[in-house]
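Here is a friendly walk through a structure, from its helices to the spaces between them. Please keep the sequence and the 3D view open as you read.

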Amino acid sequence: MTFSNLKKILLSIFKWISICILIGLFSGSASAFFLVSLELVTQFRIQHDWIIWLLPLGGLLVGLSYYYWGESVVKGNNLLLEEYENPKKVIPFKMAPLVLFGTLITHLFGGSAGREGTAVQMGGAIADQFTKFFNLDNSERKILIILGISAGFASVFGTPLAGAVFALEVLYFSKINLKSIVLSFLVAFTAYFTVEFWHVKHTHYSIPNVPEINFSTLFYTILIGVLSGIAALLFSRSTHFWASFFSKNIKYPPLRPFIGGIFLAIAFAGFGLTKFSGLGVPVIVDSFSNANLWYDFLLKILFTGFTLGADFKGGEVTPLFFVGATLGSALSVVIPMPIAFLAGLGFVAVFSGATHTPIACTIMGMELFGIQPGIFIAIACAIAYFSSGSVGIYKSQMVKGAKFKLYQKINSNF
């Protein structure tokens with residue numbers, strides 16, 4: 001190796017390490033600000049629950065902001081996936097402030113939505129700006145998008161290992177090289193420690209009692225996986241159904257969240273269903289110790305699909321946690337296994353089915369709940385992945401691998 005080649009390699013390594021650190025710092029700081037702001041607006045809503053009646057006005061604000069300034073970024077997470085698959089132009093930085101504003105307004109007034117979409121979009125928009133600064137080509141832009149997704153996910157949930165793998169897996173692993181993998185982990189940990197530096201805390205969950213591995217416990221774990229996959233299927237179909245319904249029947253986009261907000265406000269405030277508004281973290285935490293009603297997970301699916309379908313902003317993952325945890329908790333009435341264990345399995349398995357990311361979800365489960373239930377988590381996530389159908393929450397996601405081949409075979413036989 002000549003000195004010139006060695007110099008190029010060292011400069012490339014320095015460049016990408018610098019990019020990772022910068023993306024991690026900026027994305028982590030953005031997520032920290034977002035999490036603090038989200039907690040503030042959530043607490044304000046809880047203390048002033050009358051504000052839910054203003055959800056239609058909040059929806060109109062979100063709708064107008066995207067109609068006038070956000071047409072190029074309205075696809076959200078799907079835009080990141082599309083730009084990875086077929087790079088065309090740098091993602092506008094305005095995606096970050098717009099989705100931040102839209103999500104905070106959604107949660108302030110009580111819409112049923114999550115937070116991962118916001119963090120991932122902010123991370124992706126921030127990361128892609130480095131295309132201009134470092135004069136990167138399209139293949140290198142793909143790495144930036146991976147880094148943005150990784151940083152956003154890792155920082156908002158406090159799970160750097162899962163965040164790094166999620167960014168790779170949600171992009172179906174193909175066309176991913178060793179450099180992308182190493183950089184994804186580097187940026188995930190940088191973003192994670194940045195949030196820690198700002199002293200922003202994440203919600204902690206635990207599974208205190210893990211059953212022994214035997215035929216009975218494995219059977220029930222598989223059953224949980226199947227039911228979680230079906231719940232994930234319902235969640236994805238609900239979100240896509242309501243998005244299609246609103247786009248077909250309400251032609252003026254700003255009116256979609258306004259009209260949707262009217263129905264949501266009546267349901268939440270008028271019928272006393274406020275526990276299904278917002279993130280629903282208190283309900284998730286409670287589900288690990290107290291059995292939920294059998295229909296709680298179905299109502300969360302309905303309200304989240306309706307909220308996001310009406311063009312309110314936010315993510316899907318925390319609502320998926322809600323759906324999975326409450327499903328597992330409700331099943332504790334009929335399945336003779338610890339309630340926290342069932343809630344934990346549902347928590348990650350529904351997420352696995354809806355995002356087609358069983359590996360990342362398995363890792364997340366072990367980051368959140370420890371290594372001991374790892375084998376059960378892996379089985380539940382894998383079964384949910386295969387039981388959830390061919391369409392997940394991200395329309396632009398490419399489904400590859402064994403699941404893709406399985407559904408190809410099934411479709412060819414009918």
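**Helices, core and open spaces**

Let us begin with helix α14 (residues 317–331), whose 15 residues reach 21 Å from first C-alpha to last, close to the 21 Å expected at 1.5 Å a residue. That expected span is 1.5 Å times one less than the number of residues, and helices here are DSSP runs (H or I, at least four residues) numbered from the N terminus. This is a predicted model, in which local features need pLDDT of at least 70 and side-chain atom pairs count only at pLDDT 80 or more, while totals for chains, interfaces and linings use all residues. Residues are numbered from 1 along each chain as its sequence is written, and side-chain values use heavy atoms, with hydrogens and water left out.

How enclosed is α14? Of its 15 residues, 15 are buried, so the rest of the structure largely encloses this helix. Buried here means under 20% relative accessible area, with a 1.4 Å probe and protein chains only. Helix α7 (residues 138–157) is mostly covered too, with 18 of its 20 residues buried. It reaches 29 Å from its first C-alpha to its last, close to the 28 Å expected. Just after α7, Gly158 takes a positive phi of about 70 degrees.

Turn now to the packing. The largest nonpolar core has 119 residues; such a core is a set of buried Ala, Val, Leu, Ile, Met, Phe, Trp, Tyr and Cys residues joined through side-chain atoms within 4.5 Å. Helix α15 (residues 339–355) gives the largest share of this core, eleven residues. Among the residues with the most contacts inside the core are Ile23, Leu147 and Phe369. Leaving aside neighbours within four places in sequence, Ile23 is in contact (heavy atoms within 4.5 Å) with Gly28, Ala127, Phe130, Leu144, Leu147, Ala151 and Val187.

Grid points are joined across faces, edges and corners, and a volume is the space filled by probe spheres set on the points.

The largest pocket has a volume of about 1,000 Å³. Of its 40 lining residues, Val74, Lys75, Gly76, Asp311 and Lys313 lie nearest its centre. Helix α10 supplies the largest share of that lining, six residues. The second largest pocket has a volume of about 560 Å³, and Glu39, Thr42, Ile46, Val281 and Pro282 lie nearest its centre. Here α1 gives the most to the lining, with eight residues.

There are also three cavities of 30 Å³ or more. The largest holds about 80 Å³ of space, and α7 and α16 (358–369) each supply at least two residues of its lining. Val156, Phe157 and Phe321 are among the residues that line this cavity. The second largest cavity holds about 70 Å³, and α3 gives the most to its lining, with three residues. Its lining includes Asn77, Leu80, Leu81 and Tyr394.

Note on methods: On a 1 Å grid over the protein atoms alone, a cavity is a set of points where a 1.4 Å probe fits but cannot get out, and a pocket is an open set with protein on both sides within 12 Å along at least five of seven lines; lining residues have an atom within 4 Å of a point. Buried means under 20% relative accessible area, exposed over 50%, partly exposed in between (1.4 Å probe, protein chains only).
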